[in-house]
Amino acid sequence: MKKRVVVALGHRALGTTLPEQKVAVKHTAKCIADLIEEGYQVAITHSNAPQVGMIHTAMNEFAKNHPEYTACPMSVCSAMSQGYIGYDLQNGIREELLNRGIYRTVSTVLTQVIVDPYDDAFYTPTKVLGRYMNAEEANEERRKGNYVIEEAGRGFRRVVSAPNPVKIVELDAVNALLDADQVVIAAGGGGIPVLEQDNHLKGASAVIEKDLAAGKLAEGINADMLIILTNVEKVCINLGQPDEQPLGEISVEQAKSYMEEGHFGIYNMLPKFRAAVEFIEDREGRTAYITSFDKVKDALKGKTGTVIR
């Protein structure tokens, strides 16, 4: 049996603009192809913050200049970002595999993720996105029921909630593709957040932390490994202090202790460690890696990276 792995791609693996993304995915595709060449079954998820912000801004500007069209909901912007990023990723990976003489179908699954309408996050929005607005535009957003914050000297920006992922709607489709030994891109940007209302799924005005969604995806496909790619080779504790220490291989208990001691940024490393710990505790024999995308091969060989077992 092939080992099954979920790879969570960060901003560095995708770039922030259209041209940057085209270049970035070529390098990222090599990393994914290396894993496939080593015999792993691979599911990929990815960040989308710059992309969904760009789409949200563009769609709202369009509606502003064309009153006959309504503004674009966050859930729709998230769906657009999944398609746009998945398009570049699947083509980049397909090309790299063919260059190596490997034929493997690469598919993007438009993925919805159910969230709890009573999640505390809905009462304390934290994720800032979109362009800067003036006071009049900010008040208009507030009248719509949206949250807005002011950044001194720069203007106002929209802020949305980041609820926890509860259930991946299209999980059966992802598993079917993996069982057929295909490469799958799913739950991009944390997934499209939806609220379950009987048989109806209603888009939520929110974004989901992509690392937590990656952990949920890894649990759902019964993966052996979760690889979270970021911009550092190893995670450090006591960052920026004289006793700064890079973390190599650590236990779940050590990871929990570092989390409780507040070593990791709440919007940066903490979700990665939380996802890793929950994934490992869900089943024995699992491993999580946190490293940079150009160090994956070395991390899997035990030469570098932060490894949690």
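Predicted model: local features only at pLDDT ≥ 70, side-chain atom pairs only at ≥ 80, totals over all residues.
Visitor: What is the angle between the planes of F62 and Y69?
Guide: The ring centres of F62 and Y69 lie 5.0 Å apart, and the pair is classed as tilted. F62 has a relative accessible area of 37% and is partly exposed, and Y69, at 47%, is partly exposed too, where buried means under 20%, exposed over 50% and partly exposed in between (1.4 Å probe, protein chains only). The angle between the planes of F62 and Y69 is 55 degrees.

Visitor: Why is the pair of F264 and F273 classed as it is, and what is the class?
Guide: F264 is buried, with a relative accessible area of 8%, and F273 is likewise buried, at 0%. Because the ring centres of F264 and F273 are 4.0 Å apart and their planes stand at 15 degrees, the pair is stacked.

Visitor: Which residue lies over the face of Y132?
Guide: A charge sits over a ring if NZ of Lys or CZ of Arg is within 6 Å of the ring centre and within 35 degrees of the ring normal. At 4.9 Å from the ring centre of Y132, the residue lying over its face is R157.

Visitor: Is strand β16 mostly covered or uncovered, and how many of its residues are buried?
Guide: Strands here are DSSP runs (E, at least two residues), as helices are (H or I, at least four), numbered from the N terminus. β16, which spans residues 287-292, is mostly covered, and of its six residues the number buried is six.

Visitor: Which residue in β16 does I227 stand opposite?
Guide: Two strands pair if DSSP finds at least two bridges between them. β12 and β16 run parallel and are joined by six bridges. Within β16, the residue that stands opposite I227 is Y289.

Visitor: Which residue in β17 does I290 stand opposite?
Guide: β16 and β17 (residues 306-308) run antiparallel, with three bridges joining the two strands. In β17, the residue opposite I290 is T306.

Methods:
Residues numbered from 1 in each chain as written. Heavy atoms only, no water. Phe/Tyr/Trp six-rings, centres within 6.5 Å; stacked < 30°, edge-to-face > 60°.
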